[in-house]
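Good morning, and thank you for making time for this item. I would ask you to look at the sequence and the model together as I go through the helix contacts, the hairpin and several loop residues.

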Amino acid sequence: MTKTKEHPEGTFPVVYQCRLPLSTCTVNHLADLLRRHLKTIRSRWRILPPGKIAVIVLAVLRHDQRLADMAGGNGVSESTVRRWRDELIGLLATQAPRLDTHGLHFLALIDENGRLIWISAARPGRTHDNTAAHQDHILAHLRAAGLGALADLGFRGLDNDILDPVIVTGYAASRTHKLTPGEKEANRVLAVGRAPVEHGFAHLKNWRILTKLRADPARATQLLRALLVLTNLEVDR
């Protein structure tokens, strides 16, 4: 027997439909994650099927829909939607690549095609880029992998190896130093090379839940890593 909530005459909630601009592949991936998880924990029942739960959670992440609105529109409680959101974020986060680190400041590595390949753990917003990079051993990881990176001016001074730098940054003007034509040209070339970085972050920012995080800051690391997986699913389709 299902208990239904009585509404006074004329006060039934109005439910509207909203387009979710994500691929079926992404929805299926999330639904399959949940199915496998339920099988692992031997709890195969949910009030809604995994595919429907996946759509609800993706709507929360993509459009930053209020939990109470998603709950009311699907006949479940707000706490249930919150539990589903946190559960699926946790499952997605375990799939994100890591650099053996732990830790609201984020570093990200993006390849030449604009694809996110790594996101750091969360840190206090006052953390300097170079401090975070040192803590994550970015130089050592890149050098060990035989890779290099083009970085913004926030990372100046991180790599002092003049002969064989792993991280390349541009030139900054100051009160006592105006950029030479050569330095300006170097900055222009660097900006062109870093264009895919902007594309990568643009893809990530499509998840509007990042605009105003309502989650506990302690969950921010998991959330970003979950969105990394979802972003790449969309980019790779």
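Predicted model: local features only at pLDDT ≥ 70, side-chain atom pairs only at ≥ 80, totals over all residues.

A residue is called buried under 20% relative accessible area, exposed over 50% and partly exposed in between, with a 1.4 Å probe and protein chains only. By that criterion, 39% of the 237 residues in the protein are buried.

Residues are numbered from 1 along each chain as its sequence is written, and side-chain values use heavy atoms, with hydrogens and water left out.

The secondary structure comprises nine helices and four strands. Here helices (H or I, at least four residues) and strands (E, at least two) are DSSP runs, numbered from the N terminus. Read from the N terminus, the order of elements is α-α-α-α-β-β-α-α-β-β-α-α-α.

I turn now to helix packing. Two packed helices are described by the angle between their axes and the distance between the axes. Axes are lines fitted to C-alpha atoms, for helices over the stretch in contact, and angles run from 0 to 180 degrees between N-to-C directions. Angles under 35 degrees count as roughly parallel, over 145 as roughly antiparallel, 65 to 115 as roughly perpendicular and the rest as oblique.

Helix 2 (residues 50-63) and helix 3 (residues 67-74) have axes that come within 10 Å and cross at roughly 150 degrees. Helix 2 is therefore roughly antiparallel to helix 3. On the helix 2 side, the contact (heavy atoms within 4.5 Å) involves Lys52, Ile56, Ala59 and Val60, and on the helix 3 side Leu67, Met70 and Asn74. For residue classes, Ala, Val, Leu, Ile, Met, Phe, Trp, Tyr, Cys and Pro count as nonpolar, Asp, Glu, Lys and Arg as charged, and the others, Gly among them, as polar. This contact of helix 2 with helix 3 holds five nonpolar residues, one polar and one charged.

How do helix 2 and helix 4 cross? The axes of helix 2 and helix 4 (residues 78-93) come within 10 Å, at roughly 85 degrees, so the two helices are roughly perpendicular to each other. Ile53, Ala54, Ile56, Val57, Val60 and Leu61 of helix 2 meet Val81, Trp84, Arg85, Leu88 and Ile89 of helix 4. That contact divides into ten nonpolar residues, no polar and one charged.

In the loop between helix 2 and helix 3 we find Asp64. Asp64 is not a glycine, yet has a positive phi of about 55 degrees; at 16% relative accessibility, Asp64 counts as buried.

Next, the hairpin. Strand 1 (residues 108-110) and strand 2 (residues 116-119) run antiparallel and are joined by three bridges, where pairing requires that DSSP finds at least two bridges between two strands. Leu109 has Trp118 as its bridge partner in strand 2. Five residues separate the two strands of the hairpin, and Gly114 in the turn has a positive phi of about 80 degrees.

Which residue lies 16 residues from Ala121 along the chain, with C-alpha atoms 8.1 Å apart? That residue is His105. Ala121 counts as buried, at 0% relative accessibility.

Finally, Leu147 sits in the loop between helix 6 and strand 3 (149-150). Apart from neighbours within four places in sequence, Leu147 contacts Leu142 and Val166.
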